[in-house]
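Please look over the sequence and the model before reading on.

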Amino acid sequence: AAHVFERTARRQPITPLAPEIGIALALVFWSTVTLPLSYWPGGGVRLLTDQYLKAIAFFWLLATIITTTDRLRALVWSLTLCAIPLAATGVWHYLSGEVMTTTQEGLVRVVGYMGSSGLTGNPNDLALMLNLIIPLTGALALSSRGGTRLFAIAVALLSVGGVIITFSRAGFLSLS
């Protein structure tokens, strides 16, 4: 709402006229129209309003706000910094023995970030999030100099370790 107000006050377009925005809006429209035909309409509405529309709003804001290389670099640094507690918590849980039991004898999985709640509460989701951030962190390492390059490399290595200790098959395949 603040972004729309600011753009309107400056008489600038609210959103860029990019094909990606049109595709995202078409997917929202299609999801809404086909809700009555779904197997579980109530769950579909909840998923649409609780997660999907928030993701679309986040995508729209990023597409609208990230217009320069400096802004993109700041966003990537923010994501890199956010990967530190995710990976460090996973490694800490593994080293401290705070694990989930599984149905397979001898196989344990680390508890994700913030236990069973949150976006990365599941070990598979934790591996997914770290795998999404690792290439961005690698790009920062390649484009930085000195201490910031070493810091980005350290975060990337911590994130790789975090993916490995989740014992997520899909996470490990994505990593390789």
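## The largest pocket

Phe58, Leu62, Leu72, Leu75, Val76, Leu79, Met129, Leu132, Ile133 and Leu136 line the largest pocket, where a pocket is an open set of points on a 1 Å grid that fit a 1.4 Å probe, with protein on both sides within 12 Å along at least five of seven lines, and lining residues have an atom within 4 Å of a point. This lining consists of 10 nonpolar residues, with no polar and no charged ones, and at least two of its residues come from each of helix H3 (41-65), H4 and helix H5 (123-143). The volume of the largest pocket is about 260 Å³.

## Basis of the model

The model is predicted, so local features need pLDDT of at least 70 and side-chain atom pairs count only at pLDDT 80 or more, while totals for chains, interfaces and linings use all residues. Residues are numbered from 1 along each chain as its sequence is written, and side-chain values use heavy atoms, without hydrogens and water.

## Aromatic pairs

Two aromatic pairs are found in a search of the whole structure, a pair being rings with centres within 6.5 Å, stacked if the planes are under 30 degrees apart, edge-to-face if over 60 and otherwise tilted. The rings of Trp77 and Phe151 are stacked because their centres lie 6.2 Å apart with their planes at 25 degrees; Trp77 belongs to helix H4 (residues 69-96) and Phe151 to helix H6 (residues 146-165), 74 residues apart.

Tyr94 and Phe167 form a tilted pair, at 6.1 Å centre to centre and 55 degrees between the planes.

Methods: Phe/Tyr/Trp six-rings, centres within 6.5 Å; stacked < 30°, edge-to-face > 60°. Helix = DSSP H or I, 4+ residues; strand = E, 2+ residues; numbered from the N terminus. Points joined across faces, edges and corners; volume = space filled by probe spheres on them. Nonpolar A, V, L, I, M, F, W, Y, C, P; charged D, E, K, R; others polar.
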